[in-house]
Amino acid sequence: MKDTVLMVMSVRDLEPVIKANDKLDCEKIYFKGYTEYQLVPLINNFIKESNFKNYFIVSDDIVINKDKFDLLKYYLKFLPIVSGWCVMRQNGFDTTIIDPKKINFYYNSFSAFQCFDPYLASSKTHEVENMPNIINTGFTGWIFTGASKEIWQQYPFQVYDIENGARSDSNFAIRVLKDQKYDMNIIKKCRAIHLSNSKTYSHKDFNFSSQSVVKTF
Amino acid sequence: MNNFKIDFSDGICIENDYTDASKTISGLNHFDVKIFVKMKEQTYTLAHEQGLQGLFHKIELFDEKIRRKQILDFKMEFNQWVKPYFYKFLVPYDIEIFYNNELQFSYSFECRHKLILFNLHPKDEKELYLWMNVIDTFKKNMNCDIAVKNDIVYSTNEFDDIVDVKYNTNYVANRHFLDLHIGRFYIPNSEIADPYYHPNGLNDKNSLEIINDILYGSYSLFKNTI
């Protein structure tokens, strides 16, 4: 068994994503058909009860090639939290790279927790060229975000609420930023492909009707 | 006031999600949109130059300039999307969006870090290989990701260095930035090249000319507009 596992939050079963993930040099576990809220105990129990060195997490509409994933694994030897990056939507100019200094935290009407809007602080596609290879970020967006078991246990998978948006990625980012114990780092070379266009994006694609956990180990 | 999106997955679509005119000083509830294309302007001059010995040499001067030409302007209401063109080939649009005569948004076509879908309809494998070669260069020049919809590409690993996402022809692919169709497309029940797919027709074009026309040939289409 390999020492790295990829946790995939899957409600769509997109063929290109599954094929690309198959090529990655790591074990995989697909949590199929669960909402982010339902995933909280599943993911946290899995991390607690398994014994991998590194855990990566990704949503089900992101493609990365093997070489870039290998590079992320390599950087995880030196950095506490690493992540790939991508465009938020194909028909927009925002990326998942966010300057922590630009983030404005706020309390919104539906949550007692602090949150932030990633779009308001995101780096644009034309700005990435001039950035360093290792980019300190205030958000990862679960674009193949990796960390050790210890860090995942310090910052377990959490969501805001069921009704108004779980946003587990923002929730994780805020806790890490607030504590200032670890940096979140995006590796510029590890650009992933987000299969998402806001014109065709629809929750109708999500399939919550059958739930299962599928793993390669 | 900058919530604009440009989408090329089926022609060009410009949209804004701005809704509240009451918050604006002028109260106007529309934007003014101007669309430009970049045109190559080539000049050829024959001149004479005096050499060291006092002799005149004939020299040929070739100059190429990129000029911007406006092709369309229109009003776009708040919270509206507009599809001004349905061309399926690549057009390097420049877009400027104004509110009350103030520039709010400008966009010059580029596809870096975006996923470009090539729907390939080659007549044979030789043509497919040639087109994949052109797509490889396009990918490097544009710094973009490549998706290909074609059963041969889908079933082999041969092009995996070029292609990031592969689809078979039955797959409904609608998650990309730009959708391009490479092949020979005709107006139904005719032998006339479909002008929405081929900016300069198909007459006697070889495989290389067909793909080059779809990727780089659009500027000639707008030569005589405005």
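Me: What pattern does chain B follow, read along the sequence?
Reply: This is a predicted model. Chain B follows β-β-β-β-β-β-β-β-α-β-α-β-β-α. In total, chain B has three helices and eleven strands.

Me: Which strands of chain B form the open sheet of four, and in what order?
Reply: The order is β10-β9-β8-β11 of chain B, and the pairing is parallel. From one strand to the next, the twist averages 20°.

Me: Why are β10 and β11 of chain B called edge strands?
Reply: β10 (165-167) and β11 (178-182) of chain B each pair on one side only, so they are edge strands.

Me: How do you know that β8 and β9 of chain B are paired?
Reply: Pairing takes at least two bridges. Strand β8 (residues 115-120) and strand β9 (residues 145-149) of chain B have five bridges, in the parallel sense, so they pair. B:Ile116 has B:Ile146 in β9(B) as its bridge partner.

Me: Which strands of the sheet does α1(B) touch?
Reply: α1(B) packs on β8, β9 and β11 of chain B. Its direction makes about 165° with that of β8(B).

Me: What describes the packing of two helices?
Reply: The angle between the axes and the distance between them describe it. For α1 and α3 (residues 207-216) of chain B, the axes come within 9 Å and cross at roughly 35°. The crossing is right-handed.

Me: Which residues make that contact between α1(B) and α3(B)?
Reply: α1(B) contributes B:Glu127, B:Leu130, B:Trp131, B:Val134 and B:Phe138. α3(B) contributes B:Ser207, B:Leu208, B:Ile211 and B:Leu215. By class, seven are nonpolar, one is polar and one is charged. Glu counts as charged and Ser as polar, so B:Glu127 is the charged one and B:Ser207 the polar one.

Me: Which residues touch the most other members of the largest nonpolar core?
Reply: A:Met7, A:Ile62, A:Ala192 and B:Ile116 do, in a core of 91 residues. Beyond four places in sequence, its contacts include B:Cys144, B:Ile146, B:Phe177 and B:Leu180.

Me: How many strands form the open sheet of chain A?
Reply: Eight strands form it, in the order β10-β12-β5-β11-β3-β1-β2-β14, with mixed pairing. Its edge strands are β10 (134-137) and β14 (212-215) of chain A. Neighbouring strands are turned by 25° against each other on average, direction ignored.

Me: What makes β3 and β11 of chain A a pair?
Reply: Five bridges join β3 (residues 54-59) to β11 (residues 143-148) of chain A, where at least two are needed, so they pair. The two strands run antiparallel. A:Val58 stands opposite A:Ile143.

Me: How many residues does each chain give to the contact between A and B?
Reply: Chain A gives 16 residues and chain B gives 16. The chain A side divides into six nonpolar, eight polar and two charged.

Notes
Residues are numbered from 1 along each chain as its sequence is written. Chains are lettered from A and ligands numbered from 1 in the order in which they are written. This is a predicted model: local features need pLDDT of at least 70, side-chain atom pairs count only at pLDDT 80 or more; totals for chains, interfaces and linings use all residues. Axes are lines fitted to C-alpha atoms, for helices over the stretch in contact, and angles run from 0 to 180 degrees between N-to-C directions. A crossing is left-handed if the near helix is turned anticlockwise from the far one by less than a right angle, and right-handed if clockwise. Two residues are in contact if their C-beta atoms, placed from the backbone, lie within 7 Å. A nonpolar core is a set of buried Ala, Val, Leu, Ile, Met, Phe, Trp, Tyr and Cys residues joined through C-beta atoms within 7 Å. A residue is buried if 20 or more other C-beta atoms lie within 10 Å of its own, exposed if 12 or fewer, and partly exposed in between; C-beta atoms are placed from the backbone.
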